[in-house]
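Subject: Handover of a structure

Dear colleague,

I am passing this structure on to you.

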Amino acid sequence: MRNVHLKAALVVACVALLGAGGALAQDWPQWRGPNRDGKATGFTAPKSWPKELTEKWKVTVGDGAATPALVGDKLYVFSREGSDEVIRCLATADGKEVWKEKYGAAGFRGMGDNGFPGPRSSPAVADGKVVTLGVLGTLSCFDAAKGTSLWRKDDFKGSWPMFHVSSSPIIIDGLCVAQLGGRGSGAIVAYDLAKGDEKWRWKGDTPANASLALLSLGTMKVIVAETEENVLAVSAADGKLLWKAPFGHGQMGTKPAPQWWTAKRLSTVGRGWGRSAARGR
């Protein structure tokens with residue numbers, strides 16, 4: 001019950017905070033916002049903040065640690081209820097449920113469950129679609145307005161990272177890109193957002209638990225991912241590996257590389273690749 005109440009409280013707090021500025025400043029359609037950098041633009045802070053937030057509405061939504069996505073006047077919440085993973089759309093004005101979709105999803109127990117089997121990956125919303133990534137790697141796409149299930153992928157069934165799936169999917173230029181699989185079968189995969197057809201796949205390292213990040217170098221878009229032993233970058237257009245920088249020796253208790261070396265190594269590799277890209281290599 002603790003997680004249920006925490007999740008419901010989070011939804012209420014988001015709406016109350018947005019209302020404090022007088023208007024919705026900006027959509028928050030995915031993990032860490034529009035550009036996945038944790039920055040909100042166009043928000044005007046009030047001259048004085050209330051001592052306490054006023055509860056406007058409250059909705060119980062189940063277990064999970066996924067960040068809700070905000071687009072316009074709709075809030076998309078991904079959670080677990082009983083034996084199902086559930087995505088629901090709520091009206092920000094009053095919390096009323098616009099639609100709700102669910103699918104059966106096996107739970108788990110063991111290392112990394114943190115006392116609940118709820119999803120950790122935040123939904124991503126773009127082009128009239130909302131994408132979710134379940135705690136065991138089920139990738140689903142729904143119509144954002146109606147909740148209709150459009151496609152679902154479970155290409156790495158039975159395979160996930162040590163602490164289960166926590167990487168949030170990203171939508172780039174009509175592609176849904178997700179870090180999938182587990183030990184011995186890790187991959188970054190891009191699917192056509194509209195139809196679910198696989199467009200490219202980079203196979204290699206075992207996934208870690210960080211979400212994919214987007215890096216722009218001129219006109220080129222690059223996806224940066226963390227794995228158990230590396231930070232790497234692939235082209236968002238075709239999935240080709242651009243660079244890889246080792247930072248440790250896995251998650252099994254071995255000693256990682258020093259932080260100063262990690263930062264220096266990553267910076268050096270990133271700058272070197274950027275210069276090569278600028279020269280057309």
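The notes below go from the whole chain to single residues.

The model is predicted, with local features requiring pLDDT of at least 70 and side-chain atom pairs counted only at pLDDT 80 or more, while totals for chains, interfaces and linings use all residues. Residues are numbered from 1 along each chain as its sequence is written, and side-chain values use heavy atoms, leaving out hydrogens and water.

Whole chain

The protein chain has 2 helices and 16 strands; these are DSSP runs, numbered from the N terminus, with helices being H or I of at least four residues and strands being E of at least two. Of its 281 residues, 46% count as buried. Buried means under 20% relative accessible area, exposed means over 50%, and partly exposed lies in between (1.4 Å probe, protein chains only). The chain exposes about 14,000 Å², of which carbon and sulfur atoms supply 53%; the areas come from the Shrake-Rupley method with a 1.4 Å probe, and for residues only the protein chains shown count as cover. Among contacts (heavy atoms within 4.5 Å) with a separation of 6 or more, 49% are between residues 24 or more positions apart.

Cores

A nonpolar core here is a set of buried Ala, Val, Leu, Ile, Met, Phe, Trp, Tyr and Cys residues joined through side-chain atoms within 4.5 Å. The largest one has 16 residues, and V131, L139 and L180 touch the most other members. Two or more residues each come from β6 (129-133), β7 (139-143), β10 (175-180) and β11 (186-192). A second, separate core has 14 residues, including I188, L212, A225 and L232.

Not counting residues up to four places away in sequence, L139 touches V131, T132, L133, W151, R152, K153, P169, C176, A178 and Y191.

F142 is found in strand β7. It counts as buried because its relative accessibility is 1%. Leaving aside neighbours within four places in sequence, F142 is in contact with I87, W99, E101, G128, K129, V130, T132, G147, T148, S149, L150 and R152. One of these, E101, is 41 residues from F142 along the chain, and the two C-alpha atoms are separated by 8.6 Å.

Cavity

The structure holds 1 cavity of 30 Å³ or more. On a 1 Å grid over the protein atoms alone, a cavity is a set of points where a 1.4 Å probe fits but cannot get out, and lining residues have an atom within 4 Å of a point. Grid points are joined across faces, edges and corners, and a volume is the space filled by probe spheres set on the points. The largest cavity holds about 30 Å³ of space. Its lining consists of P161, V165, S166, S167, Q179, L180, G181, P207 and A208. By class, that lining has 5 nonpolar, 4 polar and no charged residues. In this count Ala, Val, Leu, Ile, Met, Phe, Trp, Tyr, Cys and Pro are nonpolar, Asp, Glu, Lys and Arg are charged, and the others, Gly among them, are polar.

Loops

The loop between α1 (2-20) and β1 (69-71) contains F43. F43 is partly exposed because its relative accessibility is 36%. From C-alpha to C-alpha, F43 and Q26 are 7.4 Å apart in space, and they are 17 residues apart in sequence. G64 also lies in the loop between α1 and β1. With a relative accessible area of 14%, G64 is buried.

Most residues other than glycine have a negative phi. D127, in the loop between β5 (124-126) and β6, has a positive phi near 55°. It counts as exposed, at 57% relative accessibility. D173 has a positive phi of about 50° and lies in the loop between β9 (170-172) and β10. Its relative accessible area is 61%, so D173 is exposed.

Regards

Definitions and conventions. On a 1 Å grid over the protein atoms alone, a cavity is a set of points where a 1.4 Å probe fits but cannot get out, and a pocket is an open set with protein on both sides within 12 Å along at least five of seven lines; lining residues have an atom within 4 Å of a point.
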